[in-house]
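Here are a few notes to read alongside the model. Keep the viewer open and find each residue as you go.

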Amino acid sequence: MSGMEDKKGVIWFDGEMVDWKDARVHVLTHTLHYGLGVFEGVRCYPTDEGSNKGSAIFRLDDHTKRLFNSAHILRMKIPFSPEVISQAQLDTVRINGLNSGYIRPMCFYGSEEMGLRAKNLKTHVIVASWEWAKYMSAEDQEMGIKVRTSSYTRHHVNITMCKAKTNGNYVNSILALEEAFACGCNEALLLDNEGYVAEGSGENIFMVKDGELHTPALTSCLDGITRRTIMTLAQEFGIKYTERQITRDEIYVADEAFFSGTAAEIVPISILDGRTIGSGNRGPITEKLQKKYFEVAMGKDPKFDHWLSYANK
């Protein structure tokens with residue numbers, strides 16, 4: 001069976017487009033051993049409105065800015081400008097002929113030295129893009145998913161720098177997700193070190209109560225770009241939102257709950273820890289935000305054209 005290494009196309013690697021199969025590194029690459037690297041998950045969507053047709057990357061500049069912020073937090077120097085990295089994402093989408101897909105910029109240390117005290121490490125940058133089926137199925141996005149509160153705690157704010165989208169941080173996510181799968185669930189909900197709701201394995205979380213949105217404050221959870229998008233869209237609809245500490249039993253009795261993220265997009269939570277949330281299906285506010293999100297990402301609302309970067313221009 002073919003894997004990720006067998007795809008056709010090109011990958012931007014340290015400033016050059018290389019054939020997909022030639023984008024390789026040494027087994028002693030520092031980031032492979034210690035996890036110190038940063039990355040982004042970005043999506044492009046098909047658009048067909050007006051004169052702007054073709055594939056558009058959603059909130060490209062925001063993703064690139066977060067990549068550089070993550071690197072700055074880790075004291076990692078990216079040897080390219082934000083403009084170059086953004087253009088590389090547009091170029092890979094265009095050259096690979098993607099109509100819709102996923103884009104992965106990543107910065108990692110090379111194999112110049114090994115060990116925690118390694119010096120003189122070179123920062124490498126790649127940008128890959130490929131067609132990727134929805135992280136959550138269409139059925140999940142309509143009917144909702146089953147979630148389990150994880151036995152694994154989300155990172156403490158002063159341990160692994162939660163504002164950085166760091167490669168190594170996702171070991172925590174994988175452990176939580178595998179545990180959820182083993183229990184017959186689709187996703188995990190992680191709590192912070194104080195026992196409050198943090199986020200999913202790779203998503204932010206929102207709950208709806210009495211017509212208002214509530215989401216955890218940005219302490220141990222990532223500053224999600226889809227999260228920010230939802231807040232903006234909520235304002236468009238006149239829906240109030242609050243960022244605060246949330247307990248998991250508040251979600252048990254919420255009217256609606258959903259995860260948000262670039263990969264997951266917006267997916268309702270139907271069951272948490274065996275408790276049905278609301279009606280057990282996608283609620284009206286979740287549906288309204290979900291529908292608007294896809295309209296905006298696919299260029300169907302001119303008010304938000306500034307969030308789209310067209311690969312064919």
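1. Start with the largest nonpolar core, which has 25 residues. A nonpolar core is a set of buried Ala, Val, Leu, Ile, Met, Phe, Trp, Tyr and Cys residues joined through side-chain atoms within 4.5 Å; buried means under 20% relative accessible area, exposed over 50%, and partly exposed in between (1.4 Å probe, protein chains only). V38, I57, I78, V93, I103 and C107 have the most contacts inside this core. At least two of its residues come from each of strand 4 (42-49), helix 2 (60-73), helix 3 (82-95), strand 6 (101-109) and strand 7 (123-130). Helices (H or I, at least four residues) and strands (E, at least two) are DSSP runs, numbered from the N terminus.

2. A word on the source: this is a predicted model, where local features need pLDDT of at least 70 and side-chain atom pairs count only at pLDDT 80 or more, while totals for chains, interfaces and linings use all residues. Residues are numbered from 1 along each chain as its sequence is written, and side-chain values use heavy atoms, leaving out hydrogens and water.

3. What does C107 touch, beyond its neighbours within four places in sequence? Its contacts (heavy atoms within 4.5 Å) are G37, V38, L67, M76, I78, T123, H124 and V125. There's also a second, separate core of 23 residues, including Y45 and Y310.

4. Now look at I95 in helix 3. I95 is partly exposed, at 43% relative accessible area. Beyond four places in sequence, I95 is in contact with V10 and M17.

5. Finally, L32 sits in helix 1 (residues 30-34). With a relative accessible area of 61%, L32 is exposed.
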